[in-house]
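The structure is shown first.

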Amino acid sequence: MHAAPRPLTLAADGPLSGHVRVPGDKSISHRALMLSALAVGTSRVSGLLEGEDVLATAAALRACGAGIDRQADGDWLIDGVGVGGLLQPLNALDMGNSGTSTRLLMGLFASHALTVTFVGDASLSRRPMQRVIDPLRRMGADISASPGGRLPLMQRGLCPAIPIVHDLPVASAQVKSAVLLAGLNAPGATTVIERTPTRDHSERMLAGFGAEVTVEPVPGGSAITVRGGAELRPRDIVVPGDPSSAAFPAVAALIVPGSEVLIEGVGLNPTRDGLYRVLAMMGADIARENSRLVGGEPVADLRVRAGPLIGIEVPPEVAPSMIDEYPILFVAAALASGRTVMRGIEELRVKESDRIATMAAGLRACGVECEEVPDGLIVTGRDGAPVPGGATVASMLDHRIAMSFAVLGLRADQPVIVDDAAPIATSFPDFLPLMTGLGARVG
Ligand SMILES: O=C(O)C1=C[C@@H](OP(=O)(O)O)[C@@H](O)[C@H](O)C1
Ligand SMILES: C=C(OP(=O)(O)O)C(=O)O
């Protein structure tokens, strides 16, 4: 997908300022397309993230019979085929760099009698799929994966699927969602037991489309149950701004002295807002203004002002609510005073890259002291002093690594060169114009 590497360096000559709006939430955008494609009739989605990951989901659903079109006003119209109504795709489905597309679509196709081949880029082809293969096999899918339970893989679904109770072995919203999506076309109740809460967009949106979903406390967690067989009703969805994307301008504003930035319309679902809670514990000045509900999701404008940050021990239980935000938290920690200890985050090792190892290597190259441990990273902050920089860092086909080091460059004595910024287009295609609009300079 990404041809020639595109290096990127950002710098700041003075404070960042302005009002910005980040693109639509990636998790919600994937789910809006998938559930609309299974509804009977036409759904409208406003604010859909038009990043490569979400476009991979759209292309896959289109290849299986859903009508998916972008309107001149930027809204997307989706003509659904009904639960169980997807058609046999003619070619392999290319998931690009997107774990969410792959795992959720595997679930969705597991209850269709279709043979589907999933392929992806070099990063996605290294990521573990066994965590979805296991429950989907129990639901009746026949899956042949590459060694280690990886892509490329071929799957033959069963229609209807067999309802199961699945106790999640890892805290993963993708696995939870895959099982619930398969359960839509299974007779009776399909239940996922979750020990630690993870993002609940699937549960919220399934209920919004008219599926019967219940969440009940069970010893040591909660049981999320979907009842199969219900017809999904089309609906209009407004996608809030992505808190995971907002994290980059937010941390940029915190670390560039004198900055004040307003980020409008940021989704702050409590299963997603961990970074903002942790930054507040570190002393960050981030005010939530104009709190409201958008499309059933809590949203606010974030006013971020630069100021000193204090290193802390980040409570491991917060991890699922900010799992994608650790790379940029490592950057904030690099500018804080004292040590920031971030543990219980071994899941970072199986994202688009090993985010602990990739960030540790790049931070060290930029002169930041850090200690990698099996389940995390301990960063010794520079107490507000700029990092030395003067290094080229590898983004490893990982959008969040690329954006994190671009932001670090804003507070570095010498340039921080990101070797390849092309992956940023997977989740935040307008990252660069947004950052330059706030006063950053491409250096
Ligand atoms: O369900 C989702 O939309 C996502 C869940 C998380 O993955 P895991 O479920 O693998 O933790 C997250 O890292 C990913 O960016 C999006
Ligand atoms: C991990 C991520 O996404 P995915 O799993 O969908 O590739 C991410 O966006 O940081």
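## Strand pairing

V20 stands opposite I263 in β15. In this predicted model, the pairing between β2 and β15 (residues 260–267) is parallel and runs over 5 bridges. In general, the strands of a sheet pair through backbone hydrogen bonds, in either the parallel or the antiparallel sense.

## The sheet and its helix

β2 and β15 belong to an open sheet of 4 strands, ordered β2-β15-β17-β16, in which the pairing is mixed. At the edges are β2 (17–21) and β16 (285–294), each of which pairs on one side only. From one strand to the next, the twist averages 15°.

Helix α7 (residues 243–255) packs on this sheet. Its contacts include β2, β15, β16 and β17 (297–305), and its direction makes about 165° with that of β15.

Which residues are around ligand 2? They are D53, S98, G99, T100, D324, K351, E352, R400 and S427. By class, the shell has no nonpolar residues, 4 polar and 5 charged.

Ligand 2 lies between domain 1 (10–24 + 240–442) and domain 2 (26–227), because both domains give residues to its shell.

## Database annotation

An unreviewed UniProt entry places the feature "domain: Enolpyruvate transferase" at residues 13–433. In the model, the end C-alpha atoms of residues 13–433 lie 16 Å apart. This span is 29% helix and 29% strand.

Methods
Residues numbered from 1 in each chain as written. Chains lettered and ligands numbered in written order. Predicted model: local features only at pLDDT ≥ 70, side-chain atom pairs only at ≥ 80, totals over all residues. Pairing = 2+ DSSP bridges. Helix = DSSP H or I, 4+ residues; strand = E, 2+ residues; numbered from the N terminus. Axes fitted to C-alpha atoms, helices over the stretch in contact; angles between N-to-C directions. Contact = placed C-beta atoms within 7 Å. Near = placed C-beta within 6 Å. Nonpolar A, V, L, I, M, F, W, Y, C, P; charged D, E, K, R; others polar. Domains from an automatic or database assignment. UniProt positions renumbered as here; feature names shortened; annotations may be inferred.
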